[in-house]
Amino acid sequence: PRTTTAAWPSSAAPAASPAKGGTLRGVDFRRGSKGEGRLLLTLPSTKTAVDMKQQGGAIVVDIKNTGLPDHLSKVFDVTDFATPVQTVTARREGRDTRISIATAGDFDHLAYQADDVYTIEFRPLTKGEQERLKQQRRIYTGDRLSLNFQDIEVRSVLQLLADFTGKNMVVSDTVGGR
């Protein structure tokens with residue numbers, strides 16, 4: 001399969017102040033034959049700690065105790081690759097390096113590490129997969145409830161909730177307080 005690649009040099013100037021755990025050695029973005037995007041991060045070692053989480057429409061990767069070379073500290077526009085990934089932003093966050101990946105559209109992502117290369121794959125969802133996800137989403141249809149109290153007993157609040165939901169609630173005699 002044919003892939004398109006954008007690599008940012010990993011042998012240019014070192015970070016201004018290398019972190020204790022080493023320096024990120026490379027950032028590489030590739031497009032697969034089916035429109036998937038792959039972000040490859042070359043870590044200082046196989047033992048480098050990586051924390052990945054989703055925040056809204058972005059994926060955030062924190063690489064612990066790792067410096068970032070000056071030439072990699074920027075925003076990489078990868079929209080021309082036509083993948084779910086729009087931009088990759090690399091910057092220092094104290095002693096860590098943070099990689100923020102802005103995405104567009106519906107996608108599935110997967111991360112894995114082989115030796116010192118941490119890979120994140122972004123695969124666009126098909127129309128069928130998008131429809132299946134919409135059907136699986138639960139839509140809240142109940143009545144809304146707003147409560148505003150000061151200095152009220154816990155047992156009274158629990159009784160109000162039981163009355164509102166129409167459920168029986170058994171509360172131990174040891175439950176108390178305000």
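Predicted model: local features only at pLDDT ≥ 70, side-chain atom pairs only at ≥ 80, totals over all residues.
User: What makes up the secondary structure of the protein chain, and in which pattern?

Analyst: The protein chain has two helices and 10 strands. Along the sequence the pattern is β-β-β-β-β-β-β-β-β-β-α-α, with the helices α1 at 127–136 and α2 at 154–165.

User: What makes β4 and β5 a strand pair?

Analyst: Pairing requires at least two bridges between two strands. β4 and β5 form a hairpin with two residues between them, and Gly56 in the turn has a positive phi of about 65°.

User: Which strands are the edges of the open sheet, and how do you know?

Analyst: The sheet has five strands in the order β4-β5-β8-β7-β6, with antiparallel pairing. β4 and β6 are the edge strands, as each pairs on one side only. Neighbouring strands of this sheet are turned by 15° against each other on average, with direction ignored.

User: Why is the contact between Asp62 and Lys53 called a salt bridge?

Analyst: The term requires a side-chain nitrogen of Lys or Arg within 4 Å of a carboxyl oxygen of Asp or Glu. For Asp62 and Lys53 the N to O distance is 2.9 Å, so the pair qualifies. Asp51 and Lys53 also form a salt bridge, at 3.4 Å from N to O. The whole structure holds 12 salt bridges.

User: What is the N to O distance between Arg98 and Asp62, and which strands does this pair link?

Analyst: The side chains of Arg98 and Asp62 meet at 2.7 Å, N to O. This pair links distant parts of the chain: Arg98 is in strand β8 (residues 96–103) and Asp62 is in strand β5, 36 residues apart. Through shared partners, salt bridges join Asp51, Lys53, Asp62 and Arg98 into one network.

User: What makes the backbone of Asn65 and Asp115 worth noting?

Analyst: Most residues other than glycine have a negative phi. Asn65 has a positive phi of about 50° although it is not a glycine, and Asp115 has a positive phi of about 55°, again without being a glycine. Asn65 is in the loop between β5 (58–63) and β6 (75–77). Asp115 lies in the loop between β9 (107–114) and β10 (117–124).

User: Why is Asp115 called exposed, and what is Asn65 called?

Analyst: Exposed means over 50% relative accessible area. Asp115 has 63%, so Asp115 counts as exposed. Asn65 has 31%, which lies between 20% and 50%, so Asn65 counts as partly exposed.

User: What makes up the nonpolar surface patch, and how does Phe149 qualify by its accessible area?

Analyst: The patch covers about 420 Å² and is made by Leu145, Leu147, Phe149, Leu160 and Phe164. Patch residues need over 30% relative accessible area. Phe149 has 36%, so Phe149 passes that limit while counting as partly exposed. Phe149 is placed in the loop between α1 and α2.

User: What share of the contacts joins residues at least 24 apart?

Analyst: Among contacts in the protein chain between residues at least 6 apart in sequence, the share is 51%.

How values were computed: Residues numbered from 1 in each chain as written. Heavy atoms only, no water. Helix = DSSP H or I, 4+ residues; strand = E, 2+ residues; numbered from the N terminus. Contact = heavy atoms within 4.5 Å. Buried < 20%, exposed > 50% of the residue type's maximum accessible area, 1.4 Å probe, protein only. Patch = residues over 30% accessible without salt bridge, like charges linked within 9 Å, V, L, I, M, F, W, Y side chains within 5 Å. Areas by Shrake-Rupley, 256 points an atom, 1.4 Å probe, with all protein chains shown as cover. Axes fitted to C-alpha atoms, helices over the stretch in contact; angles between N-to-C directions.
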